[in-house]
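Welcome! Please take a look at the structure below, and then we can walk through a few of its features together.

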Amino acid sequence: MNHITDILYWISTGLLVPVVILLILLFGRSLLLVGTFFGQYLALRKSESLLRERLDSLTSDNLDALAEALPATASSPAVGTIRRMLQSGASAAHVQRLLADFEIAADKDLAISKTLTKLGPMLGLMGTLIPMGPALVGLAAGDIASMAYNMQVAFATTVVGLFASAVGFMTQQVKQRWYLQDMTNLEFIADLLDEKRNAR
């Protein structure tokens with residue numbers, strides 16, 4: 001039995017370095033996510049102010065006016081999708097494909113936030129529990145310095161893991177609302193295109 005527990009102890013202590021490296025990578029990725037999130041927010045404010053006024057008065061008869069009002073370069077994925085929808089020749093199959101492509105792109109963008117939300121606490125907990133074993137051994141042996149070092153590692157990994165998870169959770173919640181609003185607008189335009197197609 002002692003051999004089995006020794007093997008488990010060696011495995012767990014051997015995982016400490018990979019866990020710490022992964023936590024550092026997650027921390028760096030969460031900082032990058034904050035930067036890209038801010039850029040997306042600025043682009044969304046521009047596109048939202050442009051679309052809000054247009055969509056309120058939009059009908060199947062003045063869709064061409066919306067196409068002319070859109071900027072030449074896409075400030076957000078939704079604006080780019082709207083432009084392609086209006087340029088697709090009002091084909092129902094193309095419109096449905098563009099809507100599906102937008103959903104896939106939105107899910108891909110949300111995947112980073114979801115990964116941080118789930119992996120952050122897992123790796124943080126692993127980084128907390130792994131050093132606890134050597135810390136208890138140091139406490140039993142009277143080596144207070146070793147115990148203090150291992151406890152420092154345990155607390156640091158917990159904080160980093162929770163930080164990455166918090167960034168992932170907050171950005172996921174906000175982005176989901178953004179993409180839900182964008183999807184609502186895209187489906188509204190798709191319905192107007194369908195009306196225009198049926199009126200011909």
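Is Arg97 buried or exposed? With a relative accessible area of 55%, Arg97 is exposed, because exposed means over 50%, buried means under 20% and partly exposed lies in between (1.4 Å probe, protein chains only).

A word on the background: this is a predicted model, in which local features need pLDDT of at least 70 and side-chain atom pairs count only at pLDDT 80 or more, while totals for chains, interfaces and linings use all residues. Residues are numbered from 1 along each chain as its sequence is written, and side-chain values use heavy atoms, leaving out hydrogens and water.

**Salt bridges**

Three salt bridges turn up in a search of the whole structure; the term stands for a side-chain nitrogen of Lys or Arg within 4 Å of a carboxyl oxygen of Asp or Glu.

| Pair | N to O distance |
|---|---|
| Arg97 and Asp101 | 3.7 Å |
| Asp107 and Lys114 | 3.5 Å |
| Asp109 and Lys175 | 3.3 Å |

Helices here are DSSP runs (H or I, at least four residues), numbered from the N terminus. Asp109 is buried at 17% relative accessible area, and Lys175 is buried at 1%. Arg97 and Asp101, by contrast, both sit in helix 5, four residues apart, about one turn of the helix. Asp101 is partly exposed, with 35% relative accessibility. Asp107 is partly exposed at 45%, as is Lys114 at 29%.

**Helix 1 and its neighbour**

The axes of helix 1 and helix 2 (residues 16–56) come within 4 Å and cross at roughly 25°. The two helices are therefore roughly parallel to each other, a label for angles under 35 degrees. Ser12, Thr13 and Gly14 of helix 1 make the contact with Leu16, Val17 and Pro18 of helix 2, where contact means heavy atoms within 4.5 Å.

Further along helix 2 comes Ser47, which is buried with a relative accessible area of 4%. Between Ser47 and Pro77 there are 30 residues in sequence and 9.7 Å in space, C-alpha to C-alpha.

**A nonpolar patch**

On the surface, a nonpolar patch with about 880 Å² of accessible area together includes Ile4, Trp10, Met126 and Val137. Its members have over 30% relative accessible area and no salt bridge, with nonpolar side chains joined within 5 Å. Helix 1 gives the most to this patch, six residues. Leu8, another patch member, lies in helix 1 and is exposed, with a relative accessible area of 54%.

Methods
Patches are made of residues with over 30% relative accessible area and no salt bridge: like charges are joined within 9 Å, nonpolar side chains (Val, Leu, Ile, Met, Phe, Trp, Tyr) within 5 Å. Accessible areas come from the Shrake-Rupley method with a 1.4 Å probe; for residues, only the protein chains shown count as cover. Axes are lines fitted to C-alpha atoms, for helices over the stretch in contact, and angles run from 0 to 180 degrees between N-to-C directions. Angles under 35 degrees count as roughly parallel, over 145 as roughly antiparallel, 65 to 115 as roughly perpendicular and the rest as oblique.
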